[in-house]
Amino acid sequence: MGNSTILDIMVSFVVAGFLFLMVIRISGGTAEATFVSGNDLTVQENLVSFVRIVENDFRLLGYCANHKKLPDPLAVILSADSNRIKFLTDIESDGEVDTLEYALGDSTSLRSTSNPKDRPLYRTVNSEPPIAYLFGITKFAFEYYSTLGDTLVPPISDPRSIHSINLTIGLESPSAYDDKYSSAYWRQLRLTSRNLNNR
Amino acid sequence: MGKYSLILILGFSIIVLGLLPLIHGRASRSYENYLDYYGDGLAHNIAASGANFGANMLFANPSAEFSYSNLTMGGGKFSFYTTIQPDSTILLTSNGKYRGTEKTVQATFGRSSFAKFGVYLATMNNIYWTTGDTVRGPCHIQNVMNLNGTPVFFGKVTTLAGTYPSSLPSGSTNPKFYGGYQSGISVPLPPNLNSLQSAAASGGKIFTPPPTPTGTYEVRMKFNNNGTIKYSEYKGTSKLSDTTVSINLLAPNGVVLVNGGNIRTEGTVNGRVTICATSGGLTETGNAYISGDIRYNEDPAQHPESDDYLGIVTERDVTIPLPPGFPANPCPNNIMIQACVFSRTGKFSAELDYRMGQLGNVNFYGSMSSYTIGAFSASGSSGTYGYYNNFQFDQRLLLETPPHYPKTSLLEILSWKE
C-alpha cells in the first residue's frame with residue numbers, strides 16, 4: 001500500500017462525497033418537481049372544472065325558457081356584494097324561475113387542509129341546502145360597473161344599476177411544498193349576460 | 001470504489017428516467033386540459049358570434065327567415081337559422097364547432113310594443129330632463145335626449161341620436177341611468193294607425209261621423225266598473241245617441257275607433273279595451289280628452305294580477321281639458337289616469353289657464369308615447385299653475401298590452417340562452 005494507493009482512496013472518497021451530494025440534490029429536486037407538478041395540475045384541473053360551472057351559471061343569468069316569467073331584465077340581480085351574488089335564472093331550462101346564490105365562506109370554515117387561505121364557496125339553488133365547493137378557492141371577488149362604466153362600491157344597494165360584472169377567481173393547492181402553494185387565477189372582464197340588458 | 005460509484009449513478013439515473021415521464025405526463029395533461037378549455041371557449045365564442053350575426057340580420061329585417069350553414073370563423077365553423085314559433089316569436093339557433101367541440105346559442109325574439117315604454121318621445125324639442133325628474137320604466141327618445149343636472153331613470157334608456165351634452169357626465173350634468181343607456185337605437189313611430197283601423201273593422205267597433213248636422217264629431221265614453229261603457233255621440237252641440245253596452249258586446253276584440261272625430265273619456269275600466277281617435281283627414285279631429293279620473297276596476301299597483309287594460313291611441317293630442325264652465329267650475333285638484341297613452345303626431349298634456357291655480361298631481365300609471373313632450377304646468381306672473389306630474393310605469397306592460405296597441409317596427413330579444 002504505497003502513497004499512490006492512499007491518494008486513490010482519498011480521491012475516491014472525495015468523488016464519492018460529490019456523488020452523494022448530487023444524488024441527494026437530485027432526489028430533493030425530483031421530489032419537489034413531482035409534488036409541485038402534481039399540485040399545479042390539480043389546481044389547474046380544479047380551476048377549469050369550477051370555472052366551467054361558474055361560466056355556465058353566469059351565462060344563464062336572467063334567462064328563463066319561459067320569457068314571460070322574467071319580464072323585467074333589471075330585476076334579475078337580487079343582491080350583490082364583493083364576494084356574494086344572488087340572481088334569477090332557469091338552471092334546468094324548464095321554464096321555471098330559479099334563484100341562484102354564490103357566496104364565499106370565511107377562511108375558518110374549511111380547516112381540513114393545511115392551506116390557511118382556502119375557503120369554501122357555497123352555491124345555493126332556491127331554498128335547497130347549499131353545496132360547498134372545496135376547490136381550494138382563495139379568491140372569489142366581484143367588481144360591478146354601471147352603464148356608464150363607473151365602478152359601483154359593494155354592497156350594491158340598488159342591484160338594478162349593475163350593467164356588467166368583473167369576476168376574479170383564485171385557487172391554491174391544499175398543501176404546500178416548502179411553504180410554497182401552487183396557485184392559478186382566472187378573471188373574466190366585463191362578464192355580462194345578454195339577458196341583463198336585452199330589452 | 002469506482003465500480004460502486006458507477007452503480008450508484010446508474011441506479012439514480014434509472015430512477016430519474018422513471019420519474020421524468022410522470023412529470024412530463026402531468027405537463028401534457030395540464031396542456032391538454034388547457035386546450036380542452038380553450039376549445040370549449042372558442043366553440044362557444046363562434047356560436048355566440050353566429051347568434052350576433054343572426055340577431056343583426058333580424059334587427060335589420062324583422063320579417064327575415066334565414067338559414068346559413070358551415071360558415072368559417074376563427075378556425076371553426078358556425079351555422080345559424082331562424083324558426084317561427086307557435087306564439088309568433090322567432091327562435092334563432094346558432095351552432096359553433098371547433099375541433100370536435102360543439103356549442104349552441106339560442107335567442108328568442110319578439111315584436112315590441114310601444115306600451116313597454118314608460119316614456120317614449122319622438123322629439124324633446126327644447127325641453128330638458130332635469131334635476132328632480134324621475135322616469136320609471138324603459139324610456140326612448142327618437143332624437144337627442146336633452147339632459148341637465150341629475151335626472152333619474154330607473155328603466156333602460158335608449159336614444160337615436162345620443163344625448164345633449166354628448167359626453168356624460170359633463171359639468172353638473174350627471175344623469176342616473178340605473179337601467180342602462182344605449183344610443184343609436186331607432187324606434188320610429190308608425191306612419192299611420194292602419195293596423196288599429198283594420199282591427200276595429202274586424203271584430204271591433206268603428207264610429208264614423210254622419211254628414212249632418214254640422215260640427216265636430218265627438219264620442220263621449222264613460223267606463224263603468226261592471227264592464228260596460230256608456231257612449232254618447234255628438235256632432236257639434238247635437239247629441240246623436242246615448243247607449244250603455246258591455247265592452248265585449250260593443251267590440252269583441254276590444255278595439256273601439258272613432259274615425260274622423262274626437263274622444264272624451266273617463267270612468268272605471270273593467271276589461272281590456274283600446275279606444276282610438278283618427279283624424280279622418282279633418283283638422284280638428286283625432287284627439288282624446290280625459291275629462292275625469294280614469295281608473296282600473298282592479299288597481300294594478302295593489303294587485304299586479306289585475307287584467308284591466310286601457311289604451312288611448314290618437315292621431316293627434318291627448319289632453320286633460322279645462323272643465324266645462326271654467327273658471328266658475330274649477331279644475332279638480334288631482335287627476336288619476338291609469339292607461340297607456342299613445343299620441344302619434346301630438347302630445348300628452350293639460351290645458352292650462354293661469355286662473356286654474358296650483359293644483360295637485362296628475363297621477364299617471366301606465367305608459368306614455370307621444371311625438372313631443374307636453375306640459376302639465378306653466379309659470380306666469382301669478383306663479384306656477386297647473387299640475388305636477390307623477391308618472392309611474394305599469395310593470396304589467398312588459399308582458400301584456402291593451403288589445404292591438406301599436407307595436408314598434410323592431411324586434412327585441414326576449415331571452416338569450418348560451
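So, the radius of gyration of chain A, taken over C-alpha atoms: chain A has 26 Å, while a compact globule of 199 residues would have one near 16 Å. That globule rule is 2.2 Å times the number of residues to the power 0.38. Along the principal axes, the C-alpha atoms of chain A fill a box of roughly 100 × 35 × 30 Å.

Quick note before going on: this is a predicted model, where local features need pLDDT of at least 70, side-chain atom pairs count only at pLDDT 80 or more, and totals for chains, interfaces and linings use all residues. Residues are numbered from 1 along each chain as its sequence is written, with chains lettered from A and ligands numbered from 1 in the order in which they are written.

What is chain A built from? One helix and eight strands, in the order α-β-β-β-β-β-β-β-β along the sequence. Here helices (H or I, at least four residues) and strands (E, at least two) are DSSP runs, numbered from the N terminus. Of the 199 residues in chain A, 30% are buried, meaning 20 or more other C-beta atoms, placed from the backbone, lie within 10 Å of a residue's own.

Now, how do the chains touch? 36 residues of chain B are in contact with 37 residues of chain A, contact being C-beta atoms, placed from the backbone, within 7 Å. On the chain B side, α1 (2-60) and β29 (407-417) each supply at least two residues, and α1(B) gives the largest share, 15 residues.

Terms used: Contact = placed C-beta atoms within 7 Å. Buried ≥ 20, exposed ≤ 12 C-beta atoms within 10 Å, placed from the backbone.
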